[in-house]
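Student: I've got this model open and I'd like to know where the labels come from. Can we go through them?

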Amino acid sequence: MARPTKALLDISALRHNYRYAQRLSDKGRAIPIIKANAYGHGAVAVASALADLAPAFGVACIEEALELRNAGINQPILLLEGAFTADEVMTASEQNFWLMSSCRQQIDAIVAAPLKQELTVWLKADTGMHRLGLAANEFATCYERLIHCPFVANDAIVVATHFSSADDLSDNTTELQIAHLLELTQDLNVELSMANSPALLAWPEARGQWNRPGFMLYGNSPLMTEHDAVLPLKPVMTLRSAIIALREVDRGESVGYGRTWVAPKRSKIATVAIGYGDGYPRHAISGTPVWIKDQRAELVGRVSMDMLSIDVSHIENVAIGDEVELWGTNICVNEVASYAGTIGYELLARMPMRTPRIVVD
Ligand SMILES: *Cc1c(COP(=O)(O)O)cnc(C)c1O
């Protein structure tokens, strides 16, 4: 039997989610963020699927952008971490990569580059995240230096910031960060870019001319509130495998490494051909839900590298070869993540090459 473990990618769900992000971008455009291999889905597959809809794509670094160019993606590509050397700046200008610039060294590299054609530069301001971005007292100087750079597309400078707490609807930090950016840019003729997924969904004031949704495009809510269920998002990835062994264990017998789960009664245990080597989190605890034969079942014992075990005592007619969904349309990746002490973002971004991505339309 061929390994039944695969990540199915629902491209029409992806396009649906992007169109929704675009609808929320009522002041401008939504740039799909496809860093970290499109949150584990496959950057080239995702970019190809959105190529006729998206004005540009966003990735973390130049290596990720070149992968897309080499695969024939022609849109501008925003480098969220910018470029640090004049060489990288030259590559960016030749390849139509947009540079998010968030410190003086990056501005120096742009000024030093022997540019021969236009370069699109975004400026990032630190409004409270304190990770990347220009401080208020260095922002004006950097902006001035940029607009006097002959090849920097002067009328295309976008000022961006990033939120620390947009997923927390009770935290007013987002409002303070928006106010900070508006104040910083009030006398400038620039376009703004603030919103990531949670801000686009939950903070209408954060919508700018350019929004940067990532996680929501893959069909899950970044908000983790009781409103999640009503969001019109459809999961893109369904992580699926199948049963490769079945057994009965008596009350008091254990399952898996370390004997962490002990049967409270005689139980029917299925072994599924997926483990942490395939992207399923090792830290998922006994009780984590899976989906089999249109119902839930629970993980029991420790996740191994290539396998895990589930309790199927309550399910009739279970057989070797039966499909099991680990997350996707029936089990939300965020729910699995909560049992593993992390967030859906991490589970998706960590999906390894070993697991084939299968595009379904
Ligand atoms: C990753 C990232 C995004 C997208 O964030 P999501 O929460 O996935 O929507 C947007 N902007 C920047 C600067 C990022 O690094």
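Tutor: The centres of domain 1 and domain 2, taken over C-alpha atoms, are 37 Å apart; the bounds, 11-220 and 237-359, come from an automatic or database domain assignment. This is a predicted model, where local features need pLDDT of at least 70 and side-chain atom pairs count only at pLDDT 80 or more, while totals for chains, interfaces and linings use all residues. Residues are numbered from 1 along each chain, and side-chain values use heavy atoms, leaving out hydrogens and water.

Student: What makes K35 count as partly exposed?

Tutor: Buried means under 20% relative accessible area and exposed over 50%, with partly exposed in between (1.4 Å probe, protein chains only). K35 has 31% relative accessibility, so it counts as partly exposed.

Student: Which residues is K35 in contact with, leaving aside neighbours within four places in sequence?

Tutor: G58, V59, A60, E64 and L80; contact means heavy atoms within 4.5 Å.

Student: Which residues of α8 are buried, and what puts them on the same side?

Tutor: T174, Q177, I178, L181, L184 and T185 are buried. They cover an arc of only 130 degrees around the axis, so they sit on the same side of α8; the arc uses directions from the helix axis to the C-beta atoms. On the other side, L176 and E183 are exposed.

Note on methods: Helix = DSSP H or I, 4+ residues; strand = E, 2+ residues; numbered from the N terminus.
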